[in-house]
Amino acid sequence: MTAALAGSGARAGTDTFRLRLLDGLAAGITDKGYRETTVADVVRCARTSKRTFYDQFSSKEACFIELLRLNNARLADDIRAAVDEGLG
């Protein structure tokens, strides 16, 4: 899995295929940038199908928004933990 999603507490209960697709998008963005990454690139990296992609997300943009949401949740959790550690 990519560093973008590794260790995220926000991942609990999230479908395995969904996480693989999110990781695939993160890898594609790292390699080619968002604009040049296609759904075909995402599913190739995730080792799944376009059908699975579209079962999980309505578009590449929807997948990207979910990736951002999970990354932001993880970042907020990390900040909270650091602040709590500093206060404790």
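This is a predicted model: local features need pLDDT of at least 70, side-chain atom pairs count only at pLDDT 80 or more; totals for chains, interfaces and linings use all residues.
The largest nonpolar core has 14 residues, and Leu21, Leu22, Phe53, Phe57 and Cys63 touch the most other members. Helices H1, H2 and H4 each supply at least two residues of this core. H1 gives the largest share, 5 residues.

Helix H2 spans residues 39-46, and its buried residues are Val39, Asp41, Val42, Val43 and Ala46. These buried residues pack against three helices: H1 (16-32), H3 (50-56) and H4. Arg47 follows H2 and has a positive phi, near 55°.

| Residue | Relative accessibility | Class |
|---|---|---|
| Cys45 | 44% | partly exposed |
| Cys63 | 1% | buried |
| Val83 | 46% | partly exposed |

Cys63 counts as buried because its relative accessibility, 1%, is under the 20% cut-off. The disulfide count for the model is 0.

Val83 lies in helix H4, which covers residues 60-87. With 46% relative accessibility, Val83 is partly exposed. Together with Leu75, Ile79 and Leu87, Val83 makes a nonpolar surface patch of about 410 Å². Patch residues must have over 30% relative accessible area, so Val83, at 46%, passes that cut-off.

How values were computed: Residues are numbered from 1 along each chain as its sequence is written. Side-chain values use heavy atoms; hydrogens and water are left out. Patches are made of residues with over 30% relative accessible area and no salt bridge: like charges are joined within 9 Å, nonpolar side chains (Val, Leu, Ile, Met, Phe, Trp, Tyr) within 5 Å. Accessible areas come from the Shrake-Rupley method with a 1.4 Å probe; for residues, only the protein chains shown count as cover. A salt bridge is a side-chain nitrogen of Lys or Arg within 4 Å of a carboxyl oxygen of Asp or Glu. Helices (H or I, at least four residues) and strands (E, at least two) are DSSP runs, numbered from the N terminus. Buried means under 20% relative accessible area, exposed over 50%, partly exposed in between (1.4 Å probe, protein chains only). Contact means heavy atoms within 4.5 Å. A disulfide is a pair of cysteine sulfur atoms within 2.5 Å. A nonpolar core is a set of buried Ala, Val, Leu, Ile, Met, Phe, Trp, Tyr and Cys residues joined through side-chain atoms within 4.5 Å.
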